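Keep the structure open while you read.

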Amino acid sequence: MGGGAESWSTQQLTEFLALVSSYGNAASALRGAAERAAEVLEAEVVAITRGGIVSAAIGYPDDAVPVGELMRLAGAPQTGRLTGLGPCRVLVVELEADEGGHVLVARAGDEEFTREEHDLLRGMARVLVMTLRMFHRQQLLERLSSLQRMIVRRAEPRDVLHAVVTGAAELIGDDVVTLHLLDPVDHRAAVLMASVGLDPVGKADTERTPVDEGLGGRAIAADRLVLSDKHAAMAAPVREEGRAVGSIVVASRRPGRRYSADDQEVLLAFAEHASLALTDARMVRTALHQAFHDPLTDLPNRALFVDRLELGISRVQRSKSKLAVLFLDVDRFKIINDSLGHAAGDELLREVSRRLVASIRPGDTAARFGGDEFAILLEDVEDQEAAEHVALRIIGALRAPLSIGGRDVFISASIGIAMDAGSAGDTIRDADLAMYRAKSEGKGRHAVFEPSMHVAVVERADLEADLQRVLERSELVLHFQPIVALGNRGIIGAEALVRWRHPTRGLVSPEAFIPLAEETQVMTDLGRWILTEACREVASWQNLRPLRLAVNISAVQLQAAETLAEDVAAALEASGLPPERLVLEITETALMRDVTETIACLRSLKELGVLLAVDDFGTGYSSLDRLRRFPIDMLKIDKAFIDDLGAGDATLSQAIIDLGASFDLQVVAEGVEHELQRQRLLELGCSYGQGYHFSRPMPAGELRALLEASPAPLPLPRRAA
Amino acid sequence: MGDQSSATADPPAARQARWLGVGRSDHPDARSAGLHAADGALRGDDAKLVVVFCSDAYDLYELLAGVRERTGDVPLIGCSTAGELTTGGPGERSIVVTVLGGAGFTVSTRAAVTAPYSLREAGANVARAVHGVAGCEHRVLMLLSDGLAGDQQELVRGAYGVVGAQIPLVGGCAGDDLKLVRTFQLHDDRILSGAVVAAAIGSDAPLGIGVRHGWRRSGEPAVVTSSSRDRVLTLDHQPALDVYLDRLGAPPEARVPGPAFRQFTLMHPLGLARRRGEAQVRGIAGADFATRSLICIAPVPQGALTWFMDGDDASVLEATDAACSDALEALGDQPPLGMIAFDCSARRGILGSAIQAETDRLAQNAGGAPVAGFYTYGEIARTHGLSGFHNQTLVILAVG
């Protein structure tokens, strides 16, 4: 074959390796290897024998392999005749020295196999053995990973141990595998947990064995794999949390069976998996922790809190001590979460939980119920006052600025307090109700539960039912609060404010029913009614004076952008109010919910020609950058900042007015109640305002009368070009 | 995926009657061509197998209907070709029908489509036709396949896995008059594509196979050091195209893409070294001049030892004689009933106008017996070892 010969066989081996390792399992690799050998050696017959059987044969129909003949030839190769082939030359090489396998090649005719072919076939056999070991290893890994899955899925320990022994038996290919664990009470004996290959008698004999006898006991004592000196057997220790608590024993009935390093490795792998399954008890405890703790803050969760509360209540009933539950809700958490992002929200909750824990005694329990709701269980409190004292301490602790994502965030929390109400559920509910009362009375406060709060809940339910019918019963009325030029107090516009004239409750304020309407989806219909009515009313005054109408748009309306645009267009058309006279007021919080969506919505409104105002400006966390992206025309300063103005603090009002000026936005001050505030606002550069100082909201008729009586109007302010 | 037709022999008796007839027609009307060719081939009673080689220029349904009108439901296999041949010479746009008949023949046929199965599975499937000729003294499995459907050696491996070393494989890949678009295989009344059809032929008398290509080795062989299916990337660790051109001393005009290169490769295939007989030819379909690799007509296994081949009209014709004499040798002293030739369409390309000389040689070797054959897209012949797919080769089946 010339100079290429050496390279030829090397190349053939490389190709052979690539081929056999491309198969998915041992059986097809054997078949492919036989076929390849036949092609390369131009032989008609190739047979691979292993463990006393023909594993693959080429050159015969599948149902006509002369097994006996091939086995004989593999054991004692000779030149001769083969069934179906006639006179031929036969070449045999060993496959696995310790397994007695062979590769047999027969070629028709009388041409001898060359030395080179002989070497090549030997090389192929080596490659094949390597590949078969690889498959064996793969099979081992598959077995082990299925065991791991069982452990993770918390299969019964007995099933896992059974899978361990059957896996070891399959992979090591031996007759008997047993797994014993030390008797937890009497460590001198081991109890049979799982086995394969034992007959009933053998099973009875090994059900309980003294540890100081036998190979298994030796493996436990030595805490390592041990081989038997007398029999074909080996044993490996099984551990629980690192301590040997049992053993797996493998034994063979095959004469002359010796365990290779590979076999030992396999046994150790299975022993380790048995150990894993046992150590799982510890994992159960970990899982237990996870089941009862909030993953974000690692505080106890509601389930654990309730459990501890129940325990506490039963203790209280025995010892006559007192306990209290504090229900805490972070004020405006949703705004922070929406405007700063969820990661910041999470960070904030973690910081809140740290401050909470730092504010209570070690024996008390702080838990997170989910969202921004926390609960604190105070045991052995002297009285209600002591609980209130803790609440104040928590409120104080939360008041200090939090550094979230590199910026200072100011938060507050509302806390409801309830003393033991006889059951965990009732106590938590009471604290929850008290928290709502605290929130409704202004944020950053605490409230103690009173039975009357239950009445409030019932009332809310009634109100909700009535609200569903508010439109059909025509119970809504509009009031208008004038907006004035701060300089001359002339009325330049009015904000429409809805009131509910309830048949039994009287006039219900929007603060009481608008949030309810938003929750119950009545808001869309309600918003449409307000728009239509307000436009109709104000349009009818235009002959008296060209007034600007401000209408509040709820976050719920803003989310249904298309409907809102349609409603606005319809209201303008029906009333004939010029679009530039309509100002839609949207709260900063609502704007920040989904910036991209909101911008699209605002643009569609702007296309109608209306003006847009940001209501309650300064209460959210909107960045300047975001503000710049909104197509807005004016800012309304929240009443809280105007209140500060009266107290001498003009910092924030000044900032907002300057911001308006730099973005070319008109600024309207809300809640102006004193002359001093009016003057201060004028000094700061704010031109418009509304508030009790000028006029309270009034029915449409009253305002109309006022307009008819008042002097001639000033021209409407226009935005600078 | 396959189906089977059988024509069983009468109980074996010494040397029962056997006959082989060949008919040909180039009648422009498909049905008439089918009728005439079948008429020509039906030399006796008790027809056992009809083998059709035809141009796909015909309306194959009409053509087949014409043949079947004469042969009835006698098992039929066949295929479209890149030209047909008989002792009368080579031809195109014609049909050649061979009929084997007489009690001394036993025949079983099968067909299988390759997709969605593998070629190997298809090969194994049709090879089960040999179960229908079990017990016959002399057997052969004739395969007519779609050479455009993939690696035909896989087909051979699949068939070998079923028939084993005892039964030789013979046949060829269907053609489509060198359009290389779609070939057809015929089985009884069906026209298939992307399929393989097979006839297991059992006979009282020997069946001989000859396989020769006539290419001569040139210079030293090289080891295929890198290849991927039909693409040879390196030879002796050097870019394959350069090694190929250098070793064969290609003239400058054949070293760049163009007709000169194509003609050069046609005359210089690769020859995979075999221990027995001639090197196994791998025709070169083209080259990737950017990567300097060779693209062959069939897979070239990495690690193979390959020769660079050389040939001319004389060597091609010498091979014709040699293939015939190899095939006829198996028949002993007995003259053949006829011969079936699977002749590579590339050989026809090499011989050009001298192609008539080849059919003359075939006729001469047949000694008056009929010869039927077609120009193929690849030849199948497994007589020893396992490799049974050839290129640019002539395969002869001599029927004793």
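How many bridges join strand β1 to strand β5 of chain A? Five bridges do, and the two strands run antiparallel. The model is predicted.

**The antiparallel sheet of chain A**
- Five strands make an open sheet in chain A, ordered β2-β1-β5-β4-β3, with antiparallel pairing.
- The edges are β2 (53–58) and β3 (80–82) of chain A. Each has a single partner strand, so one side of each is left without a neighbour in the sheet.
- From one strand to the next, the twist averages 35°.
- Helix α3 (residues 67–75) of chain A packs on this sheet. Helix α3 touches β1, β2, β3, β4 (86–94) and β5 of chain A. Its direction makes about 100° with that of β2(A).
- β1 of chain A spans residues 45–50, and β5 of chain A spans residues 102–108. A:A47 stands opposite A:L104 in β5(A).

**The mixed sheet of chain A**
- A five-stranded open sheet of chain A has the order β13-β14-β12-β17-β18 and mixed pairing.
- β13 (365–370) and β18 (446–448) of chain A stand at the edges. Each pairs with a single strand, so one side of each has no neighbour in the sheet.
- The twist here averages 20° from one strand to the next.
- Strand β17 (residues 413–419) of chain A runs parallel to β18(A), joined by three bridges. A:I417 has A:V448 in β18(A) as its bridge partner.
- Helix α13(A) lies across β12 (322–330), β13, β17 and β18 of chain A. α13(A) runs at about 140° to β17(A).

**Where helix α13 meets helix α14**
- Helix α13 (residues 424–440) and helix α14 (residues 452–467), both of chain A, pack at an angle of about 75°. Their axes are 10 Å apart.
- α13(A) and α14(A) are therefore roughly perpendicular to each other, since angles of 65 to 115 degrees count as such.
- α13(A) brings A:R429, A:D430, A:L433, A:A434 and A:R437 to the contact. They meet A:M453, A:H454, A:A456 and A:V457 in α14(A).
- The residues of this contact divide into five nonpolar, one polar and three charged.

**Cysteines**
- Over all chains, the structure holds zero disulfides.
- A:C88 is buried, with a relative accessible area of 2%.
- B:C296 is buried too, with a relative accessible area of 2%.

Note on methods. Residues are numbered from 1 along each chain as its sequence is written. Chains are lettered from A and ligands numbered from 1 in the order in which they are written. This is a predicted model: local features need pLDDT of at least 70, side-chain atom pairs count only at pLDDT 80 or more; totals for chains, interfaces and linings use all residues. Side-chain values use heavy atoms; hydrogens and water are left out. A disulfide is a pair of cysteine sulfur atoms within 2.5 Å. Buried means under 20% relative accessible area, exposed over 50%, partly exposed in between (1.4 Å probe, protein chains only). Axes are lines fitted to C-alpha atoms, for helices over the stretch in contact, and angles run from 0 to 180 degrees between N-to-C directions. Helices (H or I, at least four residues) and strands (E, at least two) are DSSP runs, numbered from the N terminus. Angles under 35 degrees count as roughly parallel, over 145 as roughly antiparallel, 65 to 115 as roughly perpendicular and the rest as oblique. Contact means heavy atoms within 4.5 Å. Ala, Val, Leu, Ile, Met, Phe, Trp, Tyr, Cys and Pro count as nonpolar, Asp, Glu, Lys and Arg as charged, and the others, Gly among them, as polar. Two strands pair if DSSP finds at least two bridges between them.
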